[in-house]
Amino acid sequence: MMARRTPPARKVLSALFVGACGLAVILALIPLAFVLFFVISQGVQSLNLDFFLNNPRPVGEVGGGMANAIVGTLILTGLAAALAVPIGIFSGVYLSEYRGSRFASTVRFAADTLNGVPSIVIGVFAYAVVVLPLGHFSTLAGGFALGIMMIPIIARTTEELLLLVPNALREGALALGATRARAVFSVIVPAALPGIITGVVLALARIAGETAPLLFTSFNNAFFSTSLTQPISSITVQVFTYAISPYEDWHRQAWAGALVLVTIVLVCSMAARIAAARVGRIRGQ
Amino acid sequence: VRSPDLGFRLGIGVFAAALVAIVAGIGAVLANDSWLSLQRFGLNFWRTSNWDPVAGEFGALPFIWGTLYSSVLALLLATPVALGIAVFISELCPQWLRAPLIFLTELLAAIPSIVYGLWGVFVLVPVVRAVELTMPESLRALPLFSGPPFGVGMLAAALILAIMVVPFTSAVAREVLKTVPMTQREAAYALGATRFEAIRAAIFFARTGIIGAVMLGFGRALGETMAVTMVIGNNPQVALSLFAPQYTMAAVIANEFTEAANALYLSALIEIGLVLFIITLLVNILSRGLIWSMARQVPVKAAA
């Protein structure tokens, strides 16, 4: 008998393969659904005004919150941005402007390497460089650790976005007699700015969820503090402390903290998506 | 180079140089601060398993074992799923479903490690424990499933690591598959290939890059700290059993760093950090090299 069509065995195999790939997607989305379900359902129960307004209270006293940790996370991420935005953006400009040079590939390699360094190792580095000389844990050390994690993300995002700017813009500026610096900072960077800002926001969201680099740099603080030279609380470290404690009320607050963290991530990535879509429309894509 | 441009180049070059200096600085500082431990124990540090800070004995074998074992297990679990997702999104799924699926997998990657840890402690570990309890006696005799069912342990750690690595590997694998020229698939279809056979051809074409993507995920798993610390049980032992509470390099640093009361203890922990840094560095360099060499062999991309 002559087989005129594709033999069934091959078709079956192909269908099985397509099914397996679909199954893989479902397999990965199940944990996502479960994590989101528990964080939202457990977190919503415990999230109230006290959580945002009060500082932690001793075990057994109700009404404690994470006001100090929320402020701490804001200060830490602010410090991180102050360190990482200039280094990251200027490095990104260098990478795109001198993309062919040997030094640029060294910098690109360093950025990718730094991106792969485990966050706990960055924490050890910050401990050695900031905590040891100062003699104690401090907000500065935590901000330094987070900043270092942010640098490669911003640098690579900036580079990628600058490469998308049409070359005609650069040529136009140079043809008008602008220096390279003028062309970059008055024409090319502004053209890519919305995207760069989006990248910085995404990097901030990622950094705000980091725990490991803060454990022995900014440490933790049961009290409200805004001092840069003292230990400071952060949402993530506070969630960790509460999660491994034996107290029911603290577990409750840990879930509330997790919900705040996930909300930050969700809002930032949605905002980034909307911003990116808008930029795409303006560019006429 | 005109002189005003030189000033500009040097000006921003300083910032770029700072980035390079940081990476070099991490290596130098970690090596310097672990000198005490490096000198005292030498290679024995990584060959012995007795971790007794009070007695001043530091053997880090259980940590490197736990790190490698958990990461390899996570890789075994995550790779098929991650590649399935990458293939589904880039080759199979309808256009309208693509963006939402990419968003969801990115969300999976964006959830902070501490949130996975919290979920692991209160949701995953009890489930793992229940599974361990229902394991039939005949299987419990195997070394892979021996020991009491605690819930916390290698299995829980490997599962949570796998969940965290999947979106990462699949994103890189998707990028790699994107670089495979369309002509490869068209040629396969023209020869009468089924969907599977055409995709197999594309995967074969991209094999170097896909291995790179898997290794990049491995690098992530090696350094993952919080979620693993919270579910692995934190018991320094070299055990094959999936049920056994074990320990990883990142976890011991996270747990004991603030407790390191003397210089030798601190130095020993920093040495663990140094070795973790070197291992992840090598894995990253190797995987990026693979992905890069794959991207380079695609002539179409350079023209596009």
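**Ground rules**

I am working from a predicted model in which local features need pLDDT of at least 70 and side-chain atom pairs count only at pLDDT 80 or more, while totals for chains, interfaces and linings use all residues. Residues are numbered from 1 along each chain as its sequence is written, chains are lettered from A and ligands numbered from 1 in the order in which they are written, and side-chain values use heavy atoms, with hydrogens and water left out.

**Entry 1: chain B as a whole**

I began with the overall picture of chain B. I found 14 helices and two strands there; helices (H or I, at least four residues) and strands (E, at least two) are DSSP runs, numbered from the N terminus. The C-alpha trace spans about 70 × 70 × 30 Å along its principal axes.

Of the 304 residues in chain B, 55% are buried. Buried means under 20% relative accessible area, exposed means over 50%, and partly exposed lies in between (1.4 Å probe, protein chains only).

I also checked the contacts, meaning heavy atoms within 4.5 Å. Among the contacts in chain B with a separation of 6 or more, 74% join residues 24 or more positions apart.

How far does helix α13 of chain B reach from its first C-alpha to its last? I read 48 Å for its 34 residues (263-296), close to the 50 Å expected at 1.5 Å a residue. The expected span is 1.5 Å times one less than the number of residues. At the start of α13(B), I noted a side-chain oxygen of B:Asn262 reaching to within 3.2 Å of the backbone nitrogen of B:Leu264.

Further along, I stopped at B:Val275, which is in helix α13 of chain B and is buried at a relative accessible area of 16%. Leaving aside neighbours within four places in sequence, B:Val275 is in contact with B:Trp46, B:Ile64 and B:Met249. B:Trp46 is 229 residues away along the chain, yet the two C-alpha atoms are separated by 10.0 Å.

Helix α10 of chain B (residues 207-223) has 17 residues and reaches 25 Å, close to the 24 Å expected. I marked α10(B) as mostly covered, with 13 of its 17 residues buried.

**Entry 2: rings and charges**

How many aromatic pairs are there over all chains? I get 26. Rings of Phe, Tyr and Trp (its six-membered ring) pair if their centres lie within 6.5 Å; planes under 30 degrees apart count as stacked, over 60 as edge-to-face and the rest as tilted.

One of the pairs is A:Phe185 with B:Phe8, edge-to-face at 5.8 Å centre to centre and 80° between the planes. This pair crosses between chains, from helix α8 (residues 180-208) of chain A to helix α1 (residues 3-33) of chain B. A:Phe185 is partly exposed at 39%, whereas B:Phe8 is buried at 7%.

I also found ring pairs linking a cluster in chain B: B:Phe41, B:Phe45, B:Trp46, B:Trp51, B:Phe58, B:Phe63, B:Tyr247 and B:Tyr265. B:Trp46 in that cluster also turned up as a contact of B:Val275.

Next I looked for charges over rings, where NZ of Lys or CZ of Arg is within 6 Å of the ring centre and within 35 degrees of the ring normal. The charged end of B:Arg9 sits over the ring of A:Tyr98, 4.1 Å from its centre. Within chain B, B:Arg207 lies over the face of B:Phe204, at 4.1 Å from the ring centre.

**Entry 3: single residues**

Is A:Ala84 buried or exposed? I have A:Ala84 as buried, at 0% relative accessibility, and placed in helix α3 of chain A. A:Ala84 touches A:Ile89, A:Gly147, A:Met150, A:Ile151 and A:Ile154, not counting residues up to four places away in sequence.

A:Asn54 is in the loop between α2 (49-53) and α3 (67-97) of chain A and is buried at 17%. With the sequence neighbours up to four places away left out, A:Asn54 touches A:Gly63, A:Gly64, A:Gly65, A:Met66 and A:Ala67.

A:Phe219 lies in the loop between α8 and α9 (235-243) of chain A and is partly exposed at 32%. B:Asn234 lies in the loop between α11 (226-231) and α12 (249-256) of chain B and is partly exposed at 27%.

Key:
A polar contact is a pair of N or O atoms within 3.5 Å; within protein, one must be able to donate a hydrogen and the other to accept it, and residues adjacent in sequence count only if both atoms are side-chain atoms.
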